[in-house]
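Visitor: I would like a close look at a single part of this model, please.

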Amino acid sequence: MQPRIPRQSNREQGIHRADNDARLSAELAAVVAGARRRALRDGDRQIDTAHLLHSLLESDAEARAVFGDGPQIARLLGYLVQRSIGYGLRWQGSVEDSGAIPVIPVADGWSPLAAGALEHACERAELRDGDLAGGIDLLAALVAEPEARAVEVLHRAGIESPEVLVWIESRPGAYVAGGETGC
């Protein structure tokens, strides 16, 4: 007799099944689930860093506060909404990749940069205090990759990602990038 629910393959475990990752806070797992829903709704083949940024800004007050409550956050959210009907259409059918490593097809629906950003967020949390990765950890990981679609959206909204990273790193109790973590 065959089981009614197929077993998950090893590829579907770990960071590639990020919404089940024990290293993520409940809030960050909700962000990941939101990004997954957004990618499906938009008809995108993969969850990319812009999906993660959009979901993060909608769900995480601390990450949203980085951009203030004025016109800057409104402009940023406007660009994220437009991605599915405007300039983001050129991203459909392509893989978000930095070009630093050869692209391998990601069967489970994550762009290499999005999967790497989640991994980097978990590493940041571990180096900071050994706690679960949260929204600020993910935001720092997203803005640290200059080739990320999230960084392109920030740039279009008039926000420079190095400035965001400096602000995040200067917060009390924040992880300070004194050494490389392999990201």
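Visitor: Is Ser111 buried or exposed, and what is its relative accessible area?

Guide: Happy to show you: Ser111 is buried, with a relative accessible area of 0% (buried means under 20%, exposed over 50%, with a 1.4 Å probe and protein chains only). This is a predicted model, in which local features need pLDDT of at least 70, side-chain atom pairs pLDDT 80 or more, and totals use all residues. Residues are numbered from 1 along each chain, and side-chain values use heavy atoms, without hydrogens or water.

Ser111 sits in the loop between helix 4 (71-82) and helix 5 (112-128); helices are DSSP runs (H or I, at least four residues), numbered from the N terminus. Arg45 is 66 residues away from Ser111 along the chain, yet their C-alpha atoms are separated by 8.9 Å.

Helix 2 itself spans residues 49-59 and is mostly covered, with nine of its 11 residues buried. Its buried residues run from Thr49, Ala50, His51 and Leu52 through Leu53 and His54 to Ser55, Leu56 and Leu57. Look, too, at the start of helix 2: there a side-chain oxygen of Asp48 comes to within 3.0 Å of the backbone nitrogen of Ala50, and Ala50 is one of the buried residues of the helix.

Methods:
Helices (H or I, at least four residues) and strands (E, at least two) are DSSP runs, numbered from the N terminus. A polar contact is a pair of N or O atoms within 3.5 Å; within protein, one must be able to donate a hydrogen and the other to accept it, and residues adjacent in sequence count only if both atoms are side-chain atoms.
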